[in-house]
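Here are my notes on the model you sent.

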Amino acid sequence: MNLSNLKPAEGAVKNKKRIGRGTGSGRGGTSTRGHKGAGSRSGHSTKVGFEGGQMPLQRRVPKVGFKPINRVEYVGVNLDVLQRLAEDFALTTVDVAALQSHGLASKNDLVKILGRGELKAKLSVKAHAFSASAQKAIEAAGGSIENL
């Protein structure tokens with residue numbers, strides 16, 4: 001190895017275009033900025049979503065509805081699902097961790113027990129919320145509820 005065959009490491013040198021170095025370079029004159037207009041001037045930048053004066057997409061699309069920012073969303077789990085879990089896995093206690101392990105809720109989800117279906121198993125259910133009909137059905141089957 002000697003000075004005549006030294007090369008920079010692979011990817012270390014970027015092939016940059018040298019702009020504004022005379023007409024002979026092919027990139028002189030207007031320096032690839034075109035003629036006149038805001039784009040040719042220094043300090044020019046367009047706003048996010050600017051479409052050259054055309055009505056931007058976020059203004060063209062109709063706005064529908066209203067989403068309150070403080071809304072609390074629950075993942076609903078019905079009584080028939082709890083009954084199936086109790087039968088298939090011989091559960092006596094159903095909590096959020098059990099629902100997560102069976103793929104019915106994610107890590108940060110709030111769980112609400114809903115009243116669809118029939119519950120025959122005596123279950124101790126722990127969740128963030130209960131519908132009135134679900135609460136009645138769980139207690140009628142001899143189970144207990146606990147709000148988290």
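1. Helices and strands here are DSSP runs, a helix having at least four residues and a strand at least two, numbered from the N terminus. The model is predicted. By that assignment, N78 lies in strand β1, which covers residues 74-78.

2. Is N78 buried or exposed? With a relative accessible area of 14%, N78 is buried, because the cut-off for buried is under 20%. Apart from neighbours within four places in sequence, N78 is in contact with L114, G115 and R116. Of these contacts, L114 falls within the range of strand β3, residues 110-114.

3. Strand β1 belongs to an open sheet of three strands, ordered β1-β3-β5 and paired in parallel. The edges are β1 and β5 (129-130); each has a single partner strand, so one side of each is left without a neighbour in the sheet. In general, strands of a sheet pair through backbone hydrogen bonds, either parallel or antiparallel.

4. The pairing of β3 with β5 rests on two bridges, and the two strands run parallel. For K112, the bridge partner in β5 is A129.

5. Helix α2 spans residues 79-89, and its buried residues are L79, V81, L82, Q83, L85 and A86. An α-helix has 3.6 residues a turn, so residues three or four places apart point the same way. Which elements do the buried residues of α2 pack against? They pack against the strands β1, β2 (93-94), β3 and β4 (124-127), and against the helices α3 (96-101) and α4 (132-140). Just after α2, A90 has a positive phi of about 50 degrees.

6. On the whole chain, the count is four helices and six strands, in the order α-β-α-β-α-β-β-β-α-β from the N terminus. The radius of gyration is 33 Å, well over the 15 Å that the globule rule gives for 148 residues, so the protein is more spread out than a compact globule. Along the principal axes, the C-alpha atoms fill a box of roughly 90 × 55 × 20 Å.

7. Of the 148 residues, 20% count as buried. Among contacts between residues at least 6 apart in sequence, 40% join residues at least 24 apart. The accessible surface is about 11,600 Å², and carbon and sulfur atoms account for 51% of that surface.

Note on methods: Residues numbered from 1 in each chain as written. Predicted model: local features only at pLDDT ≥ 70, side-chain atom pairs only at ≥ 80, totals over all residues. Heavy atoms only, no water. Rg over C-alpha atoms; globule rule 2.2 N^0.38 Å. Buried < 20%, exposed > 50% of the residue type's maximum accessible area, 1.4 Å probe, protein only. Contact = heavy atoms within 4.5 Å. Areas by Shrake-Rupley, 256 points an atom, 1.4 Å probe, with all protein chains shown as cover. Pairing = 2+ DSSP bridges.
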